[in-house]
Amino acid sequence: TAVKSPAKSARRSLPGSPFLVAARGGRPARVPVWFMRQAGRSLPEYRALRAGTKMLAACFDPDLVCEITMQPVRRHGVDAAILFSDIVVPLVAAGVDLDIVAGTGPVVASPIRSAEDVAALPTLDASQVEPVAEAVRLLTSALGDTALIGFAGAPFTLASYLVEGGPSRNHERTKALMYADPTTWHALLDKLADIALTFLRAQLAAGVDAVQLFDSWAGALSLKDYREFVLPHSSKVLAGLADAGVPRIHFGVGTGHLLGAMREAGADVVGVDWRTPLDTAVTRLAAVPGFESGPVVQGNLDPAALFAGDEVVRREVARIISEGRAAQGHVFNLGHGVLPETDPDVLTKVVDLVHGSTR
Ligand code: 1CP
């Protein structure tokens, strides 16, 4: 595979970043916090800025990406920014005919269902995501000492959109291809691993401080099928980033039964949804052989709990901080993305509660 080196860059040194300290398994003075999908949707300033610009057009406009990424940092005082982009951006950049439809999500013009379709899937060259790299460079100067997280979709989750043709509840066509034609399946996931790797290495070369590999829908698989059909490909992505020396976060929804395998795939930090308590997650992750240090975890606050009022929010934040003490490192986050109707003031409140908590 032709994945270009190097991931070396003019990466900033941020020794004081509580996010980076915790992500590396250290104990910063305060528990760091950021929110998946913190940019966008819930923020009125985002809706104002995006008005009249399609999602994908916004993702290829470096100034707009920079400004949208900065909004939640300014508003909430989170410890990390996440690049405003989407998991389908590298597919679009490579030439896949795909659109992000407002209110639906990614829609693929010609879904991938056969060996011929897989063979026709284009590869990604770093030059095709240059606007994203430019946005990262703008951000590294705009952010000061706040860390910047780059991201990509993991091979399984990308495959689900490409095979189904759009969002899916049961991933039935994806699983049908996986079970009925493993050779074609592995060829597809191998190509998607290369695309994810090229996208992440372009972000690293431009200066992101950490990366998150989103395998949002991997929880739809059994542990056995995850190991056979997915893990080798996610491993390829994560292993291909090792030389950059930045924390690699790996997250999926409904993955309580997969947490150990996701660590094994090469994650430095494992994301946990709201179904598995953080201390239970730590116990499962600690049982994975071959790691010198203890598990680092991120996540767990149910995004829906932010609608339940002050008392519930306080109680849940306190519970998660307490359970997170079982880990070597703890990054506070939600168990999945911020829901569109979330009151942004509640998010700011969570940041204040986390920062005010005593470890
Ligand atoms: O903070 C941020 O908002 C960062 C930007 C971000 C990220 C990290 C967006 C913007 N998308 C993503 C990742 C992403 N995209 C994931 C992984 C994270 C997760 O599980 O939430 C997934 C599964 C997608 C796919 C996707 N793109 C969906 C979900 C569809 C489904 O299957 O339910 C949707 C709705 C999109 C479009 C999208 N991406 C981002 C925004 C702001 C939007 C809405 C755009 C619009 O409608 O105009």
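**View 1. Helix H8 is mostly covered, with 10 of its 10 residues buried.** A residue counts as buried if 20 or more other C-beta atoms lie within 10 Å of its own, as exposed if 12 or fewer do, and as partly exposed in between, with C-beta atoms placed from the backbone. The model is predicted: local features need pLDDT of at least 70, side-chain atom pairs count only at pLDDT 80 or more, and totals for chains, interfaces and linings use all residues. Residues are numbered from 1 along each chain as its sequence is written. Helices (H or I, at least four residues) and strands (E, at least two) are DSSP runs, numbered from the N terminus. The buried residues of H8 are Pro-155, Phe-156, Thr-157, Leu-158, Ala-159, Ser-160, Tyr-161, Leu-162, Val-163 and Glu-164. Just after H8, Gly-165 has a positive phi of about 95°.

**View 2. Helix H8 (residues 155–164) packs on helix H9 (residues 172–180) at an angle of about 105°, their axes 8 Å apart.** H8 is therefore roughly perpendicular to H9. Axes are lines fitted to C-alpha atoms, for helices over the stretch in contact, and angles run from 0 to 180 degrees between N-to-C directions. Angles under 35 degrees count as roughly parallel, over 145 as roughly antiparallel, 65 to 115 as roughly perpendicular and the rest as oblique. From H8, Ala-159, Ser-160, Val-163 and Glu-164 meet Arg-173, Thr-174 and Leu-177 of H9. Two residues are in contact if their C-beta atoms, placed from the backbone, lie within 7 Å. The residues of this contact comprise three nonpolar, two polar and two charged. Ala, Val, Leu, Ile, Met, Phe, Trp, Tyr, Cys and Pro count as nonpolar, Asp, Glu, Lys and Arg as charged, and the others, Gly among them, as polar.

**View 3. The ligand has 21 residues around it, of which Ala-39, Gly-40, Gly-105, Pro-167 and Ser-216 come nearest.** A residue is near a molecule or strand if its C-beta atom, placed from the backbone, lies within 6 Å of it. By class, this shell holds 11 nonpolar, seven polar and three charged residues. Under "binding site", an unreviewed UniProt entry lists Arg-37, Gln-38, Ala-39, Gly-40, Arg-41, Asp-86, Tyr-161, Ser-216 and His-336. UniProt positions are given in the numbering used here, feature names are shortened, and annotations may be inferred rather than shown by experiment.

**View 4. Gln-38 sits in the loop between helix H1 (18–23) and helix H2 (44–50).** Gln-38 is buried because 29 other C-beta atoms lie within 10 Å. Not counting residues up to four places away in sequence, Gln-38 touches Pro-72, Val-78, Ile-82 and Val-338. Arg-41 also lies in the loop between H1 and H2. Arg-41 is partly exposed, since 16 other C-beta atoms lie within 10 Å. Although Arg-41 is not a glycine, its phi is positive, about 20°. Most residues other than glycine have a negative phi.

**View 5. Asp-86 is in the loop between strand S1 (80–82) and helix H5 (89–94).** Asp-86 has 19 C-beta neighbours inside 10 Å and therefore counts as partly exposed. Not counting residues up to four places away in sequence, the contacts of Asp-86 are Met-55, Cys-59 and Ile-100.

**View 6. His-330 lies in strand S9 (residues 329–334).** His-330 counts as buried because it has 31 C-beta neighbours inside 10 Å. Residues up to four places away in sequence aside, His-330 touches Ala-22, Val-31, Val-297 and Gly-324. His-330 and Val-269 are 61 residues apart in sequence and, C-alpha to C-alpha, 8.8 Å apart in space.

**View 7. Cys-66 is in helix H4 (residues 62–76).** With 22 C-beta neighbours inside 10 Å, Cys-66 counts as buried. Leaving aside neighbours within four places in sequence, Cys-66 contacts Ala-135, Leu-138, Leu-139 and Ala-142.

**View 8. Asn-300 is in strand S8 (residues 296–301).** Asn-300 is buried, with 25 other C-beta atoms within 10 Å. The phi of Asn-300 is near 95°, a positive value in a residue other than glycine.
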